Amino acid sequence: QLQLVESGGGLVQPGGSLRLSCAASGFTLDYYGIGWFRQAPGKEREGVSCISSSGGSTNYADSVKGRFTISRDNAKNTVYLQMNSLKPEDTAIYYCAAREVGFSTIATMSEYEYDIWGQGTQVTVSS
């Protein structure tokens, strides 16, 4: 069974940091592009960041540029999202997703391109 499991969410004060992990089981991430998405209460899901299967291309939503960093460690079959300078508006459930692309330098935040999704991890930024 192909699964993605997110972890690392929690409650953090404004200005704080969290690192989310997205671990794959049942398959290896080497030939998958990965995206991070989030959904806040009452809002539609939005793309946050993505990374190509090659690891050489990344994209970020304007709202998180300069604060969030996506990376991947294929040896650990895990993708990370380092989140710094967190703001209350970053509060949401964060999901990772995977799409099989072979070796690719394309990173997309179109959620319709992804077909394997994790269950999500809650991030709450509040004082």
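**Close-up views of the cores and cysteines**

**View A. Surroundings of Phe 68 in the predicted model.** Setting aside neighbours within four places in sequence, Phe 68 contacts Arg 38, Val 48, Tyr 60, Leu 81, Gln 82, Met 83, Asn 84, Leu 86, Asp 90 and Tyr 94.

**View B. The largest nonpolar core.** This core has 30 residues. Those that touch the most other members are Leu 4, Trp 36, Phe 68, Leu 81, Met 83 and Tyr 94. Two or more residues come from each of these elements: β3 (18-25), β4 (32-39), β5 (46-51), β7 (68-73), β8 (78-83), β9 (92-100) and β11 (121-125). In soluble globular proteins, nonpolar side chains tend to be buried together.

**View D. The disulfide between Cys 22 and Cys 96.** The structure has one disulfide. Its S to S distance, Cys 22 to Cys 96, is 2.1 Å. The link is right-handed, with 75° about the S-S bond. Distant parts of the chain are joined here: Cys 22 sits in strand β3 and Cys 96 in strand β9, 74 residues apart. Both Cys 22 and Cys 96 are buried.

**View E. Cys 50, a cysteine in no disulfide.** The nearest cysteine sulfur belongs to Cys 96 and is 13 Å away. A disulfide needs sulfur atoms within 2.5 Å. Is Cys 50 buried or exposed? Cys 50 counts as buried because its relative accessibility is 0%, and the cut-off for buried is under 20%.

Conventions. Residues are numbered from 1 along each chain as its sequence is written. This is a predicted model: local features need pLDDT of at least 70, side-chain atom pairs count only at pLDDT 80 or more; totals for chains, interfaces and linings use all residues. Side-chain values use heavy atoms; hydrogens and water are left out. A nonpolar core is a set of buried Ala, Val, Leu, Ile, Met, Phe, Trp, Tyr and Cys residues joined through side-chain atoms within 4.5 Å. Buried means under 20% relative accessible area, exposed over 50%, partly exposed in between (1.4 Å probe, protein chains only). Helices (H or I, at least four residues) and strands (E, at least two) are DSSP runs, numbered from the N terminus. Contact means heavy atoms within 4.5 Å.
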